[in-house]
Amino acid sequence: REGNLRNSPVDILITPASLEVRRGEACVAVTLPVGISIAPSSCRGLHYLPGEGLHLRLQVHVGSSTSPALSVELVSTLSESLKPQKCYSFYCQSCGNIIRQEGKFLRVLPLPSENWSALVEEWCCHPNPFARSVLQPQKDDCFLGDTFFLLNSRNESHKSKENTRVICTRCKMVLGETVSSETTKYYVTEVVIQPSDESFSTIPRSQFIQSMIAQCLVEISSAKSTFRFSIKGDDGKVYILVWLLNSDTLLVESLGGSSSHRVFTLFGDTLKPDSGPVRAWNAVKVLYQPCTKNRNKDLADAWEDDIGVHPLTYPSETCLELLLILGLSTSSLPPSLRCMNSFRVRNCCF
């Protein structure tokens with residue numbers, strides 16, 4: 001807190017396990033979780049900014065990744081959670097309504113990139129042999145994409161009769177769309193998949209969205225060395241431009257006074273479970289630009305034509321939720337740390 005730091009001497013005590021700021025008899029102390037330590041001699045850039053308080057840089061060492069201080073991954077990726085010959089139940093993430101119960105897959109296969117057909121045309125010196133081919137799952141197949149998975153349709157009752165969107169019968173949230181009369185696409189941000197012998201476990205909506213999208217960014221950047229992403233809605237519009245800075249950020253925060261708890265109350269949940277005064281979380285650091293209402297249109301058009309930008313498609317409502325999550329979190333940062341090269345800064349936990 002800023003207080004009267006400008007007019008009063010301040011003592012800062014740094015130990016491997018804690019950080020203390022003293023002014024007179026007042027003291028603010030932060031004790032790091034077990035398994036995380038500070039290198040006291042690494043303190044750099046100590047300075048005071050009016051309206052923000054003290055800023056400094058410290059080198060942090062992390063012990064074992066299995067340390068109880070580090071949060072476990074609460075949301076698994078589809079490639080990790082879906083296995084052949086096992087029974088799964090599918091739930092609406094928003095309300096827990098059962099979409100598909102006790103489904104067993106004989107094959108769980110990854111799909112090629114969304115632009116695979118266009119790439120084939122570049123590889124072949126003759127007409128594309130796959131031009132009329134459509135990758136559709138057969139019975140008991142599950143095909144995994146970057147932001148969705150495909151299932152063979154079983155005449156589910158929750159299909160929307162007005163258009164191709166698949167709607168939850170209970171909460172009316174968009175779950176996916178019908179690709180054909182035999183194939184249904186579900187978005188990974190809208191459906192929870194769990195073994196059939198386990199009961200549905202509720203995960204806060206805001207936490208689930210950013211966890212799934214953060215994992216998607218990490219997987220694609222690792223596999224394809226792509227670090228710029230265009231977040232599109234199922235209506236074809238670009239909602240957000242995202243630039244992944246790094247995927248190995250460790251976020252340590254005090255949950256008791258965390259602004260991230262307050263800003264997420266609009267969703268009726270908190271960002272993370274309150275399990276202690278200070279916790280550490282794996283996170284990705286991203287820069288982003290909103291593109292709603294024709295904002296940053298020139299930049300969005302330039303990224304649209306750039307082959308180094310990877311498009312990711314989600315339901316339009318989810319894109320707006322993500323944009324709100326990003327904006328509210330950015331506003332919780334000190335003003336001097338909110339922007340970088342005209343982009344806004346955000347840490348997404350996963």
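**View 1. Strands 9 and 10 of the predicted model run antiparallel.** Strand 9 covers residues 141-144 and strand 10 covers residues 148-152. The two are joined by 3 bridges; strands count as paired if DSSP finds at least two bridges between them. Strands (E, at least two residues) and helices (H or I, at least four) are DSSP runs, numbered from the N terminus. C142 stands opposite L151 in strand 10. Residues are numbered from 1 along each chain as its sequence is written. In this predicted model, local features need pLDDT of at least 70, side-chain atom pairs count only at pLDDT 80 or more, and totals for chains, interfaces and linings use all residues, while side-chain values use heavy atoms, without hydrogens and water.

View 2. A pocket is an open set of points on a 1 Å grid over the protein atoms alone, with protein on both sides within 12 Å along at least five of seven lines; a 1.4 Å probe is used, and lining residues have an atom within 4 Å of a point. The lining holds 36 residues, with L111, L144, G145, D146 and F148 nearest the pocket centre. Helix 3 gives the most, with 7 residues.
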